[in-house]
Amino acid sequence: MPTDLPRTLQVLWGVAERPTRGPQPTLSLERIVTTAIAIADRDGLAALSMARLAERLGCAPMSLYRHVANKDELLVFMQNAAPGEPPSLPPGWRDGLAAWARALRGVLAAHPWLLQASMGRPPLEPGQLAWLDRGLSAFAGTPLSHRERVEMVLAALYLTRGEAQISAVLLSGTPDVLTDYGALLNRFVTPDRFPALAEAVAAGVFRADEPDRSFEVALARLLDGIDLLITAKG
């Protein structure tokens with residue numbers, strides 16, 4: 001593996017040089033990352049700082065820099081660790097990809113700060129690649145090409161992240177706005193200005209008591225489309 005990789009990737013892939021001298025550190029990278037994830041889960045990414053992390057760990061801020069150079073590096077380690085192990089998938093590509101998407105949705109719900117963090121490049125971390133590998137495994141034995149398999153997994157990823165982003169925005173609002181969203185739309189949306197939307201509002205589409213329905217409907221339609229592709233190639 002090239003040694004000109006970013007230090008985070010060298011650490012995650014186990015090719016970083018290890019110090020041979022000096023006292024053993026009292027902190028571990030795993031403990032630092034786990035604590036940082038807990039802070040971000042509870043209070044959001046903006047609340048995470050090296051100073052606050054050090055306070056939570058009961059150490060001096062400089063002690064953190066033996067393991068992470070800055071917050072940007074810390075975020076890479078957090079993004080690698082937060083999703084955990086990808087789920088085992090049930091047999092059949094349709095049930096498998098659906099299980100993968102639902103598990104990913106659960107990860108994003110548990111760690112909404114993942115939607116804000118960005119590495120500015122395709123994933124190269126082992127934790128991220130493990131999820132991609134597991135999603136691709138759903139299509140084993142299908143007639144889809146390897147390119148098509150990647151494209152279908154990415155489509156499921158885009159759907160899941162998009163729905164999670166919208167849900168995170170709605171849940172971050174005031175409870176009254178979330179509960180009365182349909183009523184607010186009914187108040188401001190008029191047939192002369194938004195004719196198609198007004199019909200949907202009048203039909204009671206925008207109800208706050210069905211948070212999972214939109215995701216499941218969209219996922220089912222995506223799977224239907226993939227099924228047509230597989231059938232056509234079979």
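## Helix H6 against H12

Helix H6 (residues 93–110) packs on helix H12 (residues 213–233) at an angle of about 145 degrees, and their axes lie 11 Å apart. Axes are lines fitted to C-alpha atoms, for helices over the stretch in contact, with angles from 0 to 180 degrees between N-to-C directions. The crossing of H6 past H12 is right-handed, the term for a near helix turned clockwise from the far one by less than a right angle.

H6 contributes Trp93, Arg94, Leu97, Ala98, Ala101, Arg102 and Arg105 to the contact. From H12 come Phe215, Glu216, Leu219, Ala220, Leu223, Asp224, Ile226, Asp227 and Ile230. Contact means heavy atoms within 4.5 Å. By class, the contact of H6 with H12 has ten nonpolar, no polar and six charged residues. Ala, Val, Leu, Ile, Met, Phe, Trp, Tyr, Cys and Pro count as nonpolar; Asp, Glu, Lys and Arg as charged; the others, Gly among them, as polar.

## Model basis

This is a predicted model: local features need pLDDT of at least 70, side-chain atom pairs count only at pLDDT 80 or more, and totals for chains, interfaces and linings use all residues. Residues are numbered from 1 along each chain as its sequence is written, and side-chain values use heavy atoms, without hydrogens and water.

## Helix H6 against H7

H6 also packs with helix H7 (residues 126–137), at an angle of about 155 degrees and with axes 10 Å apart. H6 and H7 are therefore roughly antiparallel, a label for angles over 145 degrees.

Trp100, Ala103, Leu104 and Val107 of H6 meet Trp131, Arg134 and Gly135 of H7. These residues divide into five nonpolar, one polar and one charged.

## Serine 88

Serine 88 sits in the loop between helix H5 (71–81) and H6. Serine 88 counts as exposed because its relative accessibility is 67%; exposed means over 50%, buried under 20%, and partly exposed in between (1.4 Å probe, protein chains only). Serine 88 and alanine 103 are 15 residues apart in sequence. Their C-alpha atoms are 9.9 Å apart in space.

## Whole protein

The protein has twelve helices and zero strands. Both are DSSP runs numbered from the N terminus: helices (H or I) of at least four residues, strands (E) of at least two.

Of the 234 residues, 32% count as buried. Among contacts between residues at least 6 apart in sequence, 70% join residues at least 24 apart. The accessible surface comes to about 14,100 Å², by the Shrake-Rupley method with a 1.4 Å probe. Carbon and sulfur atoms hold 56% of that surface.

Methods:
Parallel < 35°, antiparallel > 145°, perpendicular 65-115°, else oblique.
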